[in-house]
Amino acid sequence: MREELTTTVKNAVNRYELLVKNEALQQETQRLNGELTGATRLGDESVRSGLQRQALNHANNELAVRYDHSLDLCCRILTTYDPLLGGQTKAMVEIADKMAQTEYFKDEERQVLRAAAWLCDLGLIGVPRDLLRTFRSNRTSRGP
């Protein structure tokens, strides 16, 4: 009987220790799950932010390509309207590009300079061709 009592007490003590350890493990698990949930939220936000940045960069690149195509289209329109005017525009763009290669301009100013060269004669499409030819012939007969 004494051995049974000793065994029962030992089993009870072991059971109590297991319950205490189990409770401690459950609390630690809940704490770690909370940290993991917080980290997951931060990770999700970081991933979302990264994806948004990628999408924005892609959109900006597409916009830049389309902008360059638009400028080229303007030059083609000018060349179709008046080949001399188109050639003049191309020459101005080349000069603007050479100027932009110097250290005197910031990146944004380089872009503006180049766009201005592409677009400066575009308004002349509204001028009748005969008037442009007359202006050119008067200018060349007088000299520079």
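Accessible areas here come from the Shrake-Rupley method with a 1.4 Å probe. On that basis, the protein chain has an accessible surface of about 12,000 Å², and carbon and sulfur atoms account for 58% of it. One caution before I go on: this is a predicted model.

The protein chain contains four helices and zero strands. Read along the sequence, that gives the pattern α-α-α-α. The radius of gyration is 39 Å, whereas the globule rule gives 15 Å for 144 residues, so the chain is more spread out than a compact globule. As for burial, 12% of the 144 residues count as buried.

Now the contacts. Take those between residues at least 6 apart in sequence; 66% of them join residues at least 24 apart.

Next, helix H3, which covers residues 107–119. H3 has 13 residues, and from its first C-alpha to its last it reaches 19 Å. That is close to the 18 Å expected at 1.5 Å a residue. Which residues of H3 are buried? They are Ala115, Ala117 and Trp118. Seen down the axis of H3, the buried residues fall within an arc of 160°, so they line one face of the helix. On the other side of H3, Glu108 and Val112 are exposed. The cover over the buried residues of H3 includes helix H1, residues 2–81, and helix H2, residues 83–100.

That brings me to alanine 117, which sits in H3. Why does alanine 117 count as buried? Its relative accessible area is 7%, and buried means under 20%. What does alanine 117 touch, leaving aside residues up to four places away in sequence? The list is Thr89, Met92, Val93 and Ala96.

Finally, a distance to set the scale. Alanine 117 and glutamate 3 are 114 residues apart in sequence. In space, C-alpha to C-alpha, alanine 117 and glutamate 3 are 104 Å apart.

To recap: the predicted chain has four helices and a radius of gyration well over what the globule rule gives. Within it, H3 has its buried residues on one face, and alanine 117 is one of those buried residues.

Note on methods:
Residues numbered from 1 in each chain as written. Predicted model: local features only at pLDDT ≥ 70, side-chain atom pairs only at ≥ 80, totals over all residues. Heavy atoms only, no water. Helix = DSSP H or I, 4+ residues; strand = E, 2+ residues; numbered from the N terminus. Buried < 20%, exposed > 50% of the residue type's maximum accessible area, 1.4 Å probe, protein only. Contact = heavy atoms within 4.5 Å. Expected span 1.5 Å × (residues − 1). Arc of directions from axis to C-beta. Rg over C-alpha atoms; globule rule 2.2 N^0.38 Å.
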